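Q: Could you walk me through how to read a structure like this one? I'm new to it.
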Amino acid sequence: MTENIKCLLVDLDNVLISEVEEVPSEIGDPDCRLINPYRFYPDKDMEPWVKASNQTEYMIRSSDILTIADPAPEVVEAYLKLTTE
(Lines give C-alpha, C1' and ligand atoms only; values in the text may rest on other atoms or scores of the structure.)
Protein backbone atom coordinates (compact mmCIF):
# COMPACT_ATOMS: atom_id res chain seq x y z
CA MET A 1 0.00 0.00 0.00
CA THR A 2 2.74 2.50 0.84
CA GLU A 3 4.05 2.24 -2.73
CA ASN A 4 0.82 3.97 -3.87
CA ILE A 5 1.27 6.90 -1.46
CA LYS A 6 2.52 9.84 -3.46
CA CYS A 7 3.34 13.50 -3.09
CA LEU A 8 1.34 15.48 -5.67
CA LEU A 9 1.88 19.09 -6.66
CA VAL A 10 -1.49 20.27 -7.99
CA ASP A 11 -0.64 23.97 -8.05
CA LEU A 12 2.15 26.15 -6.73
CA ASP A 13 0.97 26.14 -3.11
CA ASN A 14 -1.07 22.97 -2.98
CA VAL A 15 0.91 19.81 -2.17
CA LEU A 16 -1.08 16.66 -1.44
CA ILE A 17 -0.08 13.40 0.15
CA SER A 18 -2.44 10.68 -1.00
CA GLU A 19 -2.84 7.11 -2.06
CA VAL A 20 -3.20 7.25 -5.85
CA GLU A 21 -4.85 4.75 -8.19
CA GLU A 22 -4.94 5.07 -11.96
CA VAL A 23 -8.37 4.30 -13.42
CA PRO A 24 -9.42 3.76 -17.03
CA SER A 25 -11.26 6.71 -18.54
CA GLU A 26 -12.10 8.54 -21.72
CA ILE A 27 -9.70 11.27 -22.86
CA GLY A 28 -10.30 14.40 -20.77
CA ASP A 29 -12.16 12.58 -17.98
CA PRO A 30 -10.68 12.09 -14.50
CA ASP A 31 -8.24 9.18 -14.55
CA CYS A 32 -6.72 9.27 -11.06
CA ARG A 33 -8.47 8.32 -7.83
CA LEU A 34 -7.07 10.06 -4.76
CA ILE A 35 -7.76 8.09 -1.60
CA ASN A 36 -7.53 9.99 1.70
CA PRO A 37 -5.78 13.04 0.25
CA TYR A 38 -4.20 15.32 2.82
CA ARG A 39 -2.77 18.75 2.17
CA PHE A 40 0.86 18.94 3.21
CA TYR A 41 2.31 21.95 5.04
CA PRO A 42 6.06 21.94 5.73
CA ASP A 43 5.72 23.76 9.07
CA LYS A 44 2.48 22.34 10.51
CA ASP A 45 0.29 19.24 10.56
CA MET A 46 -1.35 17.85 7.45
CA GLU A 47 -5.08 18.36 7.09
CA PRO A 48 -7.78 16.81 4.90
CA TRP A 49 -7.64 18.25 1.39
CA VAL A 50 -11.35 19.13 1.20
CA LYS A 51 -12.32 20.02 4.75
CA ALA A 52 -15.93 20.75 3.74
CA SER A 53 -16.54 17.11 2.75
CA ASN A 54 -16.58 13.77 4.54
CA GLN A 55 -15.59 12.03 1.31
CA THR A 56 -12.38 10.02 1.37
CA GLU A 57 -12.03 9.50 -2.40
CA TYR A 58 -11.77 12.13 -5.13
CA MET A 59 -11.31 11.86 -8.87
CA ILE A 60 -8.84 14.13 -10.66
CA ARG A 61 -7.38 14.31 -14.16
CA SER A 62 -3.70 13.39 -14.32
CA SER A 63 -3.26 16.42 -16.58
CA ASP A 64 -4.16 18.61 -13.56
CA ILE A 65 -1.20 17.26 -11.58
CA LEU A 66 1.99 19.27 -12.12
CA THR A 67 4.31 16.61 -10.73
CA ILE A 68 4.32 13.40 -8.69
CA ALA A 69 7.07 12.31 -6.31
CA ASP A 70 7.69 9.76 -3.59
CA PRO A 71 7.22 11.37 -0.17
CA ALA A 72 9.92 11.21 2.48
CA PRO A 73 9.58 8.25 4.89
CA GLU A 74 8.67 10.51 7.82
CA VAL A 75 5.88 12.09 5.73
CA VAL A 76 4.51 8.63 4.87
CA GLU A 77 4.62 7.69 8.55
CA ALA A 78 2.70 10.83 9.56
CA TYR A 79 0.18 10.27 6.74
CA LEU A 80 -0.43 6.66 7.78
CA LYS A 81 -1.05 7.76 11.38
CA LEU A 82 -3.72 10.17 10.11
CA THR A 83 -5.42 7.73 7.76
CA THR A 84 -5.36 4.50 9.75
CA GLU A 85 -6.72 5.78 13.06
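Q: What percentage of the 85 residues in the protein chain do buried residues make up?
A: Quick note before that: this is a predicted model, where local features need pLDDT of at least 70, side-chain atom pairs count only at pLDDT 80 or more, and totals for chains, interfaces and linings use all residues. Residues are numbered from 1 along each chain as its sequence is written, and side-chain values use heavy atoms, leaving out hydrogens and water. Now, buried means under 20% relative accessible area, exposed over 50%, and partly exposed in between (1.4 Å probe, protein chains only). Here, buried residues make up 32% of the 85.

Q: Okay, and which helices and strands does the protein chain have?
A: Helices (H or I, at least four residues) and strands (E, at least two) are DSSP runs, numbered from the N terminus. This chain has 1 helix and 6 strands, in the order β-β-β-β-β-β-α from the N terminus on.

Q: Let's zoom in. Where is Ile60 found, and is Ile60 buried or exposed?
A: Ile60 sits in strand E5, which covers residues 57-60. Ile60 is buried, with a relative accessible area of 11%.

Q: Which residues does Ile60 touch, not counting residues up to four places away in sequence?
A: A contact means heavy atoms within 4.5 Å. By that rule, Ile60 touches Val10, Pro30, Asp31, Cys32, Leu34 and Ile65.

Q: And how many of the contacts join residues at least 24 apart?
A: Take the contacts between residues at least 6 apart in sequence: 50% of those join residues at least 24 apart.
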